[in-house]
Amino acid sequence: MVRTRLAISVVLVSTLLLLNVKAKSVDPYKVLGVSKDAKQREIQKAFHKQSLKYHPDKNKDKGAQEKFAEINNAYEILSDEEKRKNYDLYGDEKGQPGFDSGFPGGNGGYSYSSSGGGFNFGGPGGWQNMGGGGGSKSFSFSFGGPSESSFGFGMDDIFSMFSGGSSKGKEQFGGFGSSSNAESKSKSSTVAAIKTINSQVYKKDVVDQGMTWLLLSYLPSQRGSQYHESIIEEVAESLQGALKVGRLNCETESSLCKQLGIVPRRAPRMFVYSYTSSGKATLAEYTEELVAKKVKSFCQEHLPRFSKKIDLNTFDVSAVSSQKTPKVLLLSTKKDTPVIWRVLSGLYNGRFVFYNTEVHDTSDPKIQKLGVDKFPAIVGWLSNGEKQVLKTGITVKNLKSAVQELGKLLEGLEKKNKKVSSKSQAGQAPNESSEKIPLLSRPNFDSICGENTPVCIIGAFRSSNGKEKLQSIMSKVSQKSLSRRQASTTGSQDTVSYSLLDATKQSAFLSSLDKSEFKTSSDKLLIAYKPRRGKFATFKGDMTIEEVEKFVAAVLNGDIQFTKTRQKPQIK
């Protein structure tokens with residue numbers, strides 16, 4: 001048995017030696033199919049594409065293993081600036097004329113340790129010696145990906161657990177126009193873009209900043225970090241402006257890793273630092289196949305979701321907010337909340353109330369009333385209800401510039417809101433005063449309680465004190481969002497109108513509704529009248545803002561029983 005294993009090992013070593021010699025003798029540029037002036041991004045994409053194509057688990061053709069070895073050797077040379085420079089000058093990555101036919105050892109190529117009994121494979125994955133007891137030696141292969149497996153040594157599974165992929169790097173940014181590819185960067189500059197995370201950086205730049213982060217946790221002794229970083233760089237480039245990336249060394253920052261609940265394993269791990277709808281930040285681990293496209297989708301799924309999708313038919317765009325926080329509404333043709341708007345909702349969470357809606361027709365009266373003539377568009381409201389059209393027909397160069405430009409618009413609205421708030425606190429009159437409830441008369445009856453109005457709330461009074469009380473209550477209730485919903489039929493008429501009625505002068509009006517003329521000991525009465533259906537309902541409870549608001553809400557929700565009028569009411 002021992003002799004058999006030894007024979008298999010000798011054959012395997014010989015095979016790998018031959019594969020390595022041939023791999024080292026082939027031009028790495030030709031292997032990856034790139035030019036000699038290719039940028040690192042081109043090399044990375046070519047490597048992902050070729051390794052996926054010739055991976056022995058997926059390609060059973062004869063020579064796939066040999067080609068796979070060539071691809072990894074080529075990438076090892078061209079992804080390292082020093083090795084690439086030496087190859088270009090001398091034809092050998094070590095800076096020596098000619099080729100070294102032996103194992104390069106160290107961090108590159110293949111190596112075999114007789115004392116440890118294991119193979120190591122340079123590049124994005126690695127063979128690692130798992131040790132063994134007595135005279136036997138056990139070998140396993142593990143890839144530095146999110147999930148790992150150990151298994152017995154054999155030619156059928158020697159390349160298992162490898163995953164890679166490619167991404168086109170182009171994306172439509174939620175109706176805001178298309179992105180342009182970022183300029184290709186050198187290997188050193190792209191790697192430098194992955195920020196080193198320590199406790200101070202984590203507290204200052206990561207925690208509660210509203211930005212989503214893709215974090216790589218690793219140990220220096222682990223293999224596979226290089227491939228992870230190439231994936232991270234590709235994802236970061238395509239989501240630049242929406243995502244930041246960092247690396248966390250769990251050997252030097254063990255306390256931080258422990259704080260975050262990250263336990264080092266045999267391979268590096270990827271996490272997305274994101275925000276839930278409640279605003280709480282969490283770490284979500286990526287555990288799928290290590291492909292840039294899939295990692296990108298995972299990151300997009302974990303972008304903030306603080307914007308509420310609304311329907312313009314029921315959304316009160318004109319109500320004065322009782323809060324000091326300004327509101328912003330995105331109108332776009334997209335069904336889902338665009339990526340840019342989700343990013344902004346995270347960065348400015350708590351400073352604005354975010355809404356978004358799907359629209360398609362600029363001729364819609366509701367859209368025209370907002371003052372929007374092109375999509376996408378952003379409309380804002382100050383805390384006093386004043387409307388601001390921030391931008392229409394938005395076009396952007398890329399995601400990063402869009403976040404910056406639209407962020408400036410939001411900050412401008414925030415400054416205006418602070419001025420309005422300070423004036424209000426100083427006792428200066430706001431831009432919109434409390435709404436005065438009109439008194440019903442023959443000239444205004446059709447416009448206030450005519451058949452174009454679904455529901456007319458009428459406050460009937462019999463004294464000056466009753467009139468003042470109803471005027472105050474109805475004025476405040478009329479400004480509530482629940483009672484100012486836009487009618488879906490016209491887009492310009494309120495679903496609910498409010499008016500006062502002098503019961504001492506308009507007894508015939510009340511008698512046409514009910515023959516008792518609503519005789520009551522109180523000098524105040526509230527009537528909900530539906531002109532189209534010729535029905536009414538009354539409220540005789542405590543005349544407070546809360547109770548009247550509940551009554552109106554019940555009317556709108558259909559929770560109030562209406563009675564048929566005796567005849568069509570008329571105003572003298």
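This is a predicted model: local features need pLDDT of at least 70, side-chain atom pairs count only at pLDDT 80 or more; totals for chains, interfaces and linings use all residues.
Strand β11, residues 327–332, pairs with strand β13, residues 377–381, in the antiparallel sense, over five bridges. Both belong to an open sheet of five strands, in the order β10-β12-β11-β13-β14, with mixed pairing. At the edges stand β10 (308–309) and β14 (387–392); each has a single partner strand, so one side of each has no neighbour in the sheet. Across β11, β12 and β13 lies helix α11, residues 339–347, which runs at about 170 degrees to β12.

Next, the cores. The largest nonpolar core has 59 residues, and those touching the most other members are L32, L214, V235, M270, V295 and L344. Helix α13, residues 399–425, contributes the most to this core, with seven residues. Another core lies apart from it and has 21 residues, including V477 and M543. To return to L32: setting aside neighbours within four places in sequence, its contacts include I43, F47, I71 and L78.

Last, the cysteines. How many disulfides does the structure hold? There are two. One joins C250 and C257, with the sulfur atoms 2.1 Å apart. That link is left-handed, at -90 degrees about the S-S bond, and both cysteines, C250 and C257, are buried. The other disulfide joins C449 to C456, at 1.8 Å from S to S, and C449 and C456 are buried too. Counting bonded cysteines along the chain, the pattern is 1-2, 3-4. As for C299, its relative accessibility is 0%, so it counts as buried.

Methods: Residues are numbered from 1 along each chain as its sequence is written. Side-chain values use heavy atoms; hydrogens and water are left out. Two strands pair if DSSP finds at least two bridges between them. Helices (H or I, at least four residues) and strands (E, at least two) are DSSP runs, numbered from the N terminus. Contact means heavy atoms within 4.5 Å. Axes are lines fitted to C-alpha atoms, for helices over the stretch in contact, and angles run from 0 to 180 degrees between N-to-C directions. A nonpolar core is a set of buried Ala, Val, Leu, Ile, Met, Phe, Trp, Tyr and Cys residues joined through side-chain atoms within 4.5 Å. Buried means under 20% relative accessible area, exposed over 50%, partly exposed in between (1.4 Å probe, protein chains only). A disulfide is a pair of cysteine sulfur atoms within 2.5 Å.
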